[in-house]
Amino acid sequence: MTFRARLMTAFGVVAIVPLVVIAFGVRRELDRRLTAQYRARVAALARVTGADLAQRGTAIGSRLSSLGEALAEDDRFRLAAVRGVNTERPYLLDYAGRAMRLTGLSMLQIQDSSGRILSSGQFRNEYDRLEPDLPALLAAAPGGAALVNARTPDGPLLVLARSDSVRLGGRTFTLVGGIAVGRTFLSRLAADSDLAVALRLPDSAGRTAPTALRDSSGAGGGDVIATLPVPYVAAGSHGRRTLQTAAFTVSHSPKALEALRSSVDRWFLGVLVLSASAALVGAAWLAERTSRPLRALADRTARMDFERLDMEFPAGRDDEIGALARLMNAMMRRLRASVSRVRDAERRAAMGDLARQVNHDVKNGLAPIRHVLRHLTQVEQEHPEQLAAVFAERRATLEASVAYLDTLARNYARLTPRLDVVPCDANAVARGVAAGAALPPNTIVALDLDEHLPVVPADALVLRRILTNLVSNATDALDGRSGGVTISSARVADGGVRVTVTDTGRGMTREQLDRAFDDFYTTKAGGTGLGLSIVRRLVTDLHGVLRVDTQPGAGTTVTITFPADPLSPNGMT
Amino acid sequence: MIAFAGCTHAGAGGSRLVPSPPTAVAAPMPDSLVVAFTDSTDSLPARLVASGHYQLTTGVDGTARLQPLGPVASPLLIVKRISVREARDALDVGVDVLVTADPSALAYAATRADLVSVPRGWERTYVFLARSAPPPNEAPGADSLRAILRAELAANAVRAEARASEVTFREADEDTCAGPTPPTAPIMPAGTPRIVYERGDDVARALATRLVALASEGDAQGPGALATIAPSLAAAGGPRRADGLSTTTFARTLTEGSAAAFVFALAAHAVDTCGDRADLAHVAPWARAEHVVPVALVDTRARIVARRGVNGVPFAWLGAP
């Protein structure tokens, strides 16, 4: 697992785990409060239903009371009911029907003191029927109201009824009125669409039977949250009616609460997923931001080798990564010093080997000469007269040996160039390079030189080769377009010198820059691919640091920093 | 020339005219008269066309336009069928003649000095026909329980001008009135016994509901009253409900005899029991079966309310005697 992945995982866990824990805690508490409030609301609605039922019973009483007052002032009714005037009997028979419609009742009976029906609203032609027990049962009912199966021509009509009485002409008349109890009645009793009201009537044995009537909401089933008992005038044996107890049941379907919970859960889950996603994105961003400088250090470190000890790590941060970069830079400087010493040692070792080989080769070259000279000395001492002839005979050997030594000397002279490091004026070298550069048309080499530049320990010829190569590359990068190449110089803080070659050419991509210092890598037609490679080797030989800044289409800047003291570990920046 | 001034119409049939107050004598004959009637089971335009004095020109949405025929000058009649609730409003908005049995409208007309009310003849007999064992025959004019029941029904149960029916059906009628061979009576249908009537016929409904009420326990007259007309039905607990059926359904049910009892109207034939029997056999063939004896309950009639000063239409053509 990469460091970035570990960071992202850690950040994600740190962000998401508390988020999930808090979220589920909030969810549980929300659910608890939601359920409690919902149940409290349902209980309140059930109480409203009970109060509504009681209010309806009271309203029936109010209507009967008003009707009784109206009866007392109705002369035609008085004539028919009290005086028995036959011509007013139709008026009496129709009276309850008219009064019932006017008062909004569904059932109305007017009885005389014997229980004989004088007028009936819901059943006009049931006059003269005897029903004395009904007012008595209603009067005995708790609350004064009871459910009654009233007779109608179309069959029984269940009503919530109560009774009242009025005295006219010394006679008592009983009013029995009620409102229909049907699906509509039950629906109106249900104070909320989530509530269902049903009616359970007692059976013939007085036991509460299964639901006899439901409201029209269709919201059957659910939990019964309230039972509202109500008296019921039930038909008994032999026509005798008795007072029993029916019940309105208020039930509530848990579907509404479940739907509410599901809705909350969906919203909750959505918010949680969004939050977790945001946390993951944040963790990824944070991990990327944290690991990026480390990856940059790793990339630079991966490109580092003995041939590329001129790179520098960005040390601008003031945190641990910046400190690490500074340590890496110091390590690079020590490496460069060490490499320089190693190369010196190698050079010395090579010189020793070379000296031994030269000694051997020279000895090999001198041996024939020594032998010829001994031979000639011997001939002079023993046969002086033959000296000329022997010399002539051995002269070719002498000349061959001398030629061998001469060739040997020239060959050794060509083995390696030698740095002639002396205090060098970099500005003078720059001016010479600028003056001698072979430039295409519309191209100039500008100079931006620090006139107070200190001398730099370098080989003037090597320095000239470096700048010549860089200026040549810069003019090539212009691709024949008009543009400029600038050579600038400046003094650095430790007394060293920085020389910069800048062009406005095509610049390089990241891939091109990575390979720019490889041998034989070139993007130019006919190029050898050795220019920058030689430059870097020469800069390294002079203990300098090479830096390239480039952008495709924005040109390239090559910076070379020469230390004041090449052998000091802190001498280079 | 037709007028309300006690003249006698010279047209066919010699119909009598309603006496008219002297103030209407000089009233000019209008070009048209608006006649309204409330009985949904009546067909006043057909009655007028049948008189031979009018022909139907248009009939749209319950309104018929009747063109007078013959040499006698008569106004154009615009005949409308209206509901009972519209009867008083019709009098207020200028209907010239209203034919109705609604006691509320008649009571209102009685309070209006500009209106005159004339009774039509006893034109309908309401019959109770039950799938029941026959009641004992009664002697005509006897003061029997059945007569008391009829009188009570006419006086209290029906919200129309009614009288105890004078029509009597007896088993002997089957012998004296020629007719087809009596069919077998249909089997009593299962279910709750009920009395059915034609929806919209308020008199039939009133009679049916009263009979249901009489069948219930605790009634002052009790099942005994019902037993006078349908003893076996009363013995079985009586009808428990009264159902109004549409015209088509009622006609089919009556023809099939597929209800416990029926209440319906027949055209009155005061002195022609064979005619009543023939009418009954036409609508309920099974009623000719043995042991099925219909009971005539009440006779009803409507009234003609006319605006004083309106002339030009013989009341006889509207059904007045």
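How many residues does the contact take from chain A, and how many from chain B?

**View 1. The contact between chains A and B.** Welcome to a predicted model, seen here where its two chains meet. The contact takes 18 residues from chain A and 17 residues from chain B.

**View 2. Helix H1 of chain A, end to end.** H1(A) has 70 residues, and at 1.5 Å a residue they should span 104 Å. The end C-alpha atoms are 101 Å apart, which agrees with that expectation. Look along the helix for its buried residues, among them A:Met8, A:Val42, A:Ala46, A:Thr49 and A:Leu53. Others to pick out include A:Gly57, A:Ile60, A:Arg63, A:Leu64 and A:Leu67, which are buried as well.

**View 3. A:Val14, a residue of H1(A).** A:Val14 sits in helix H1 (residues 3-72) of chain A. Is A:Val14 buried or exposed? A:Val14 counts as exposed, because it has 12 C-beta neighbours inside 10 Å, and a residue with 12 or fewer is classed that way. In sequence, A:Val14 and A:Ala283 are 269 residues apart, yet their C-alpha atoms are 9.2 Å apart in space.

**View 4. The largest nonpolar core, in chain B.** This core holds 84 residues, and B:Ile195 and B:Leu207 touch the most other members. Helix H6 (residues 202-215) of chain B gives the most to the core, with ten residues. Domain 1 (22-120 + 302-318) and domain 2 (124-301) of chain B both give residues, so the core lies between them. To explore the surroundings of B:Leu207, start with its contacts beyond four places in sequence: B:Tyr126, B:Leu153, B:Ala157, B:Val158, B:Val263, B:Leu297 and B:Val298. A second, separate core of 56 residues includes A:Phe77, A:Met100, A:Leu147 and A:Ala246. As a general background, nonpolar side chains in soluble globular proteins tend to be buried together.

**View 5. Chain B as a whole.** For orientation, chain B has ten helices and 13 strands. Of its 321 residues, 44% are buried. Among contacts in chain B between residues at least 6 apart in sequence, 74% join residues at least 24 apart.

**View 6. The two sides of helix H9 of chain A.** In H9 (residues 426-436), the buried residues are A:Ala426, A:Asn427, A:Val429, A:Ala430 and A:Val433. They are on the same side of H9(A), because they cover an arc of only 160° around the axis. Turn to the other side of H9(A) and you find A:Ala435 and A:Gly436, both exposed. The cover over the buried residues of H9(A) includes helix H10 (460-477) and strands S10 (422-424), S11 (443-448) and S13 (483-491) of chain A.

View 7. A:Leu439 lies in the loop between H9 and S11 of chain A. With 14 other C-beta atoms within 10 Å, A:Leu439 is partly exposed. Leaving aside residues up to four places away in sequence, A:Leu439 touches A:Val445 and A:Thr475. The C-alpha atoms of A:Leu439 and A:Ser472 are separated by 8.4 Å, although these residues are 33 apart along the chain.

**View 8. Helix H12 of chain A and what follows.** The buried residues of H12 (residues 531-541) include A:Leu532, A:Val535, A:Arg536 and A:Leu538. What covers the buried residues of H12(A) includes H10, strand S15 (545-551) and strand S16 (555-562) of chain A. After H12(A) comes A:His543, with a positive phi near 65°.

Conventions:
Residues numbered from 1 in each chain as written. Chains lettered and ligands numbered in written order. Predicted model: local features only at pLDDT ≥ 70, side-chain atom pairs only at ≥ 80, totals over all residues. Contact = placed C-beta atoms within 7 Å. Helix = DSSP H or I, 4+ residues; strand = E, 2+ residues; numbered from the N terminus. Buried ≥ 20, exposed ≤ 12 C-beta atoms within 10 Å, placed from the backbone. Core = buried A, V, L, I, M, F, W, Y, C linked by C-beta atoms within 7 Å. Domains from an automatic or database assignment. Expected span 1.5 Å × (residues − 1). Arc of directions from axis to C-beta.
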